[in-house]
Amino acid sequence: MEVINTIGRRKSSVARVYLKQGGGEIKINNKELAEYFTMENIRNLVLAPLKTVDALNQYDVNVNVDGGGFKGQAEAIRMAISRALVEANEESKSALKAKKYLTRDAREVERKKYGKPKARKSFQFSKR
């Protein structure tokens with residue numbers, strides 16, 4: 001098996017994943033998973049597709065991720081890993097699709113409007 005290259009996006013984050021046969025090593029921007037994502041629940045987001053198809057120690061994952069915050073980055077990585085697992089083994093598609101890991105979440109931050117402090121929030125109205 002050669003290297004499988006996939007891409008995942010979430011909010012303003014873009015993750016490029018390179019998946020190959022190996023012993024379960026996960027590197028994100030040349031750092032270990034625990035070093036890059038220090039919070040346990042964020043690490044679980046990244047590992048979720050691998051746990052779903054019981055492939056935690058079968059593949060080495062190398063990730064380049066850019067943009068956004070840690071939550072958006074983790075969900076972009078989750079989507080890219082899911083796509084790579086489907087390319088590696090077509091039978092895992094139904095399990096990943098059932099958990100919605102293959103669906104692109106297109107929600108973006110709404111832009112700020114002029115005359116308002118945020119996108120929709122208004123200043124306090126004064127009648128007199």
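Good morning. Let me begin with Tyr 36, which is partly exposed, because its relative accessibility is 24%. Please bear in mind throughout that this is a predicted model.

A pair of aromatic rings is described by the distance of the centres and the angle of the planes. The partners are Tyr 36 and Phe 37: their ring centres lie 4.9 Å apart and their planes meet at 85°, so the arrangement is edge-to-face. The angle decides the class here, because planes over 60 degrees apart count as edge-to-face.

I turn now to Ser 82, a residue of helix 3, which covers residues 70-88. Is Ser 82 buried or exposed? Its relative accessibility is 0%, so Ser 82 counts as buried. Which residues does Ser 82 touch, leaving aside those up to four places away in sequence? They are Pro 49, Leu 96, Tyr 101 and Leu 102.

Finally, consider Ser 82 together with Val 46. The two are separated by 36 residues in sequence, while their C-alpha atoms are 9.7 Å apart in space. Thank you for your attention.

Key
Residues numbered from 1 in each chain as written. Predicted model: local features only at pLDDT ≥ 70, side-chain atom pairs only at ≥ 80, totals over all residues. Heavy atoms only, no water. Phe/Tyr/Trp six-rings, centres within 6.5 Å; stacked < 30°, edge-to-face > 60°. Buried < 20%, exposed > 50% of the residue type's maximum accessible area, 1.4 Å probe, protein only. Helix = DSSP H or I, 4+ residues; strand = E, 2+ residues; numbered from the N terminus. Contact = heavy atoms within 4.5 Å.
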